[in-house]
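Hi everyone, thanks for coming. Let's have a look at how two chains meet.

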Number of protein chains: 2
Amino acid sequence: MSAEAEEKIKAQEKYREMSIAEFFAKNKELAGFSNTTRALYQTIRELVENSLDATDTHSILPEIRISLRELEAATDDKPAKYEVSVEDNGIGVPPNEIANAFGKVLYSSKYVIRQTRGMYGLGIKAAILYSQMTTGQPVFIISSMDSSENIYYRKLLIDIKKNEPVIIEEGQLIKKNNWHGTKVYLTLEGDWTRAKPKIIEYIKRIALISPYAEIIFETPDNEIFYFPRVTKKIPKPPSEAKPHPHGIDIEQLKAMISFTKTKTLLEFMTEEFQTIGEITARKFLESMGLDPNMNPKSLIEKGNSKLLQTLSTGLRTYKGFRPPRSEYLSPIGEELIEVGLKRLFNPEWVKAITRQAKAYEGHPFIVEAGIAYGGNIPPSEEPVLLRYANKIPLLYEEREDVSYKVVSSINWKIYNIEEPMPLVVLVHVASTKIPYKGVGKESLSEVSELESEIRNAIQEIARSLRLYISKRNSEHILREKIVTISKYIPEIARSLSVLSIPPEKWGNNKNNDKDLVERLIKIVSRSIEFPKIDGKEEDPEKVVRSVIANVKLEQ
Amino acid sequence: MSAEAEEKIKAQEKYREMSIAEFFAKNKELAGFSNTTRALYQTIRELVENSLDATDTHSILPEIRISLRELEAATDDKPAKYEVSVEDNGIGVPPNEIANAFGKVLYSSKYVIRQTRGMYGLGIKAAILYSQMTTGQPVFIISSMDSSENIYYRKLLIDIKKNEPVIIEEGQLIKKNNWHGTKVYLTLEGDWTRAKPKIIEYIKRIALISPYAEIIFETPDNEIFYFPRVTKKIPKPPSEAKPHPHGIDIEQLKAMISFTKTKTLLEFMTEEFQTIGEITARKFLESMGLDPNMNPKSLIEKGNSKLLQTLSTGLRTYKGFRPPRSEYLSPIGEELIEVGLKRLFNPEWVKAITRQAKAYEGHPFIVEAGIAYGGNIPPSEEPVLLRYANKIPLLYEEREDVSYKVVSSINWKIYNIEEPMPLVVLVHVASTKIPYKGVGKESLSEVSELESEIRNAIQEIARSLRLYISKRNSEHILREKIVTISKYIPEIARSLSVLSIPPEKWGNNKNNDKDLVERLIKIVSRSIEFPKIDGKEEDPEKVVRSVIANVKLEQ
């Protein structure tokens with residue numbers, strides 16, 4: 001070994017701690033801020049999703065105003081600078097929480113078991129970090145709760161080394177109207193020209209499944225996109241849940257035990273978990289050989305780690321627990337999905353389905369799907385896929401998503417769908433924990449329970465579609481036959497009339513002809529049965545008469 | 001609005017802080033621990049990559065021993081439990097750093113500008129968290145540095161709420177031999193049967209590009225995979241770099257200014273950055289209107305934020321800086337790539353290329369590519385893609401990777417490659433900052449500079465391959481022509497000899513025939529020129545003679 005190499009062995013590595021803020025500043029692409037285009041898109045997304053979580057999740061009809069202004073144009077040397085602001089009429093942020101909620105990474109109200117768009121307590125802070133890193137400017141937040149008499153404002157930076165907010169300016173104003181909500185201003189480098197299609201598509205797709213929201217988007221080109229509120233019907237909001245035993249690992253169990261106020265294991269089981277009643281709890285504890293009257297705290301004392309392990313494994317695997325409750329979840333609903341697809345694509349046929357709730361690792365989830373076919377949908381090699389998770393549209397990383405995997409594996413020919421296909425497939429997953437592949441929240445992992453639910457949902461609708469298409473096709477064939485038969489009716493009638501009356505009366509057979517035509521129409525019509533399409537049945541006689549009318553016209 | 005809804009508006013959200021350990025425990029799939037199969041794979045990966053970083057990065061020929069033992073078999077109810085241990089002969093961890101290096105997320109020696117396999121200071125801690133969450137067992141670490149007289153051991157858990165190590169047991173032994181390195185034992189739930197193909201593939205691929213390493217893998221099936229050291233030639237290790245000005249944002253600049261010991265802006269520029277000499281520094285500062293004698297610290301004082309912004313934008317965009325230095329990087333090298341591909345696929349043709357260094361956002365990178373064609377490669381619809389980043393193989397999320405994007409967009413027909421293709425494409429990216437899409441380190445982002453380098457590298461080799469294939473094909477056609485011509489040579493010779501000598505001598509024309517054949521062979525051979533293949537040229541006369549020999553044999 002060379003002397004140099006020996007020296008290198010001895011050279012000690014330099015160890016140090018990194019704050020989570022520094023981590024996401026240094027690795028901004030992990031949260032979706034990989035370049036000026038993505039960053040602009042991601043910033044608007046995070047702000048809009050926070051606004052929706054602050055409104056419809058609390059039964060408020062959302063009013064969201066997004067504005068994007070160019071502060072400095074791009075030059076050869078540097079990207080353009082923008083000011084983004086998003087305002088909502090949500091519940092507002094408590095004044096004493098504003099600084100941390102915007103200035104401390106991993107400080108959030110999203111760390112409860114509830115279906116929310118935000119999940120990591122990270123997105124808005126990543127946007128603020130990006131803003132700070134590219135322009136050095138602070139974020140400006142204005143917020144007021146409904147119950148508050150004041151409007152509070154804070155101007156702040158994030159101390160990246162310490163992961164702490166640094167207040168630059170703060171204050172409050174007396175509220176003169178009933179406004180409640182939050183408005184956030186950010187300055188950042190971006191590329192509007194490239195980001196525009198994605199941003200517009202994103203807002204359209206948000207509007208598609210939130211027809212109860214009013215959204216206004218003012219672009220740097222001074223265009224205004226206005227999505228009016230179409231309905232005041234707002235889906236039942238999601239509610240907070242207790243954990244399901246199947247989703248609990250040893251570490252969570254330890255934490256729950258150290259926080260619980262319950263005095264016995266039996267109480268602990270029934271109080272701290274969802275779906276466990278006293279009978280189930282007793283049965284479970286008995287099968288684990290655990291004393292129901294034991295103090296749960298004793299399980300985290302020294303020497304009891306075997307018992308703790310037994311309880312933990314039991315909770316995760318015992319088959320006697322009821323599945324996680326789905327009433328905590330808030331799906332979009334079949335009606336809204338169908339209305340949305342109709343509005344966007346004006347298809348020939350549309351259908352949506354909301355499946356029963358299922359669970360993976362103790363997390364309940366509901367899969368919804370919708371298919372639109374024909375009409376204004378441009379035919380293409382593969383179906384257009386619209387992905388949603390907890391009511392947010394996912395636009396990037398489509399090919400990594402479990403839905404894409406399912407959709408691309410389906411053989412559409414067996415559903416009588418021609419190629420290229422005029423087909424749109426929408427998939428929505430609602431859950432207290434969406435299994436995103438990355439903190440940028442763009443694609444869902446291949447969780448097997450999820451995959452099979454998505455497949456079932458799509459196949460179920462596809463079967464209806466096949467029925468529709470085959471009825472439509474057989475109707476088409478039938479109609480052709482009717483045309484063939486019907487257009488000979490006048491001719492046949494004439495021939496019959498010639499045969500049925502003596503030659504001396506051949507001159508004035510007009511009435512007889514008419515009569516015969518009528519009788520033939522009745523005979524033919526009675527033998528026709530059109531397939532019902534969408535519950536409506538056509539009148540065969542009408543069809544026959546229209547054919548004859550056309551034939552006569554042609555003559 | 002309903003009374004209930006009103007109440008909800010007033011209901012304040014619950015805010016709290018989450019530690020980074022809790023974050024990755026709750027969202028374990030983000031670091032690649034999405035299920036028992038992936039978790040086992042990821043754990044071995046993280047340990048092996050740490051071992052390689054502790055050896056070849058410090059010019060030590062790696063000896064790595066991986067062992068996987070089943071502790072409890074799987075049942076219907078629960079997954080199997082395994083003990084993983086990985087031992088290396090690396091530089092070891094300083095005794096006072098062991099606890100944090102293994103027990104504190106985001107505490108690491110990887111936070112310097114250097115090409116290392118580890119990047120986030122996260123992987124091993126994520127594995128320990130997973131182990132702890134599924135089995136409650138501590139991690140056991142044994143380590144000794146070369147300079148140390150003792151071997152140190154620590155048994156520890158991570159306090160997830162606090163993100164701190166909790167030492168369960170610790171101690172030291174006097175070292176009786178020269179051993180240095182680290183050995184880590186982990187207990188975790190896993191699924192060996194499903195993970196096996198990926199783990200074996202991973203180790204094979206590591207061995208493919210680290211032929212200087214000795215790797216032994218003992219499986220739970222009591223199989224032993226032994227990859228002997230094939231060469232003692234170890235590539236020049238990467239070295240630590242100063243930051244390049246193009247990669248600096250305002251936040252980093254502020255941090256650098258607050259840490260610097262330099263007294264003037266001029267000094268600051270030349271001391272703290274790579275590639276900036278005094279002349280460049282003066283030119284740059286002048287063009288920014290900044291005084292070279294100014295104290296850098298004054299830029300972070302109040303009122304100077306405009307100047308700071310000017311400097312920051314300037315650093316990022318000034319075109320007069322030299323590109324980042326590539327000598328800090330450690331590519332695999334064309335030779336090792338070609339040897340590796342030959343060993344693995346025994347192809348008909350192979351070629352590798354190491355491109356010149358380029359940079360993105362101030363980070364230098366080198367793209368290397370290799371193509372193997374024909375031979376034992378099974379033909380398929382698309383090329384087999386082998387992806388590497390900083391010498392680690394990437395096995396998951398192929399379709400999201402920038403290399404896949406490039407490879408799948410190439411029209412292989414223009415390179416004369418038939419379909420299905422017997423083709424393997426290897427891509428290696430070496431950089432001080434690999435633009436991974438997620439902390440699980442499985443796929444690379446579509447950074448445009450990277451994309452174009454990968455494209456150029458592959459196309460350059462593909463052009464050589466086209467040349468080879470077209471030569472091979474034209475040689476094939478030529479050979480057929482030669483066969484056609486050559487087999488008539490004896491016949492022509494006989495006819496010529498009949499014409500050229502008087503009839504009375506027709507009886508003993510044998511020698512004359514031979515002579516004529518010889519002369520014809522010379523004439524034909526002179527008109528043939530075989531294409532050079534791999535620098536070797538075939539002797540046309542030999543070919544002609546062999547054809548004639550065969551023709552005679554047939555007669």
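Start with E189(A) and R316(B): their side chains form a salt bridge at 2.8 Å, N to O. By salt bridge I mean a side-chain nitrogen of Lys or Arg within 4 Å of a carboxyl oxygen of Asp or Glu. Between chain A and chain B the count is 10 salt bridges.

A word on the ground rules. This is a predicted model, where local features need pLDDT of at least 70 and side-chain atom pairs count only at pLDDT 80 or more, while totals for chains, interfaces and linings use all residues. Residues are numbered from 1 along each chain as its sequence is written, chains are lettered from A and ligands numbered from 1 in the order written, and side-chain values use heavy atoms, without hydrogens and water.

So, how many residues of chain A are in contact with chain B? It's 77, touching 77 residues of chain B, with contact meaning heavy atoms within 4.5 Å. Together the two chains bury about 7,100 Å², 56% of it on carbon and sulfur atoms; that is the accessible area (1.4 Å probe) lost on putting the two parts together, summed over both.

Now the strands, which are DSSP E runs of at least two residues, numbered from the N terminus. β1(A) pairs with β4 of chain B, residues 107-108, in the antiparallel sense over two bridges; pairing requires at least two DSSP bridges between the strands. In β4(B), S108(B) is the bridge partner of R16(A).

Notes:
Helix = DSSP H or I, 4+ residues; strand = E, 2+ residues; numbered from the N terminus.
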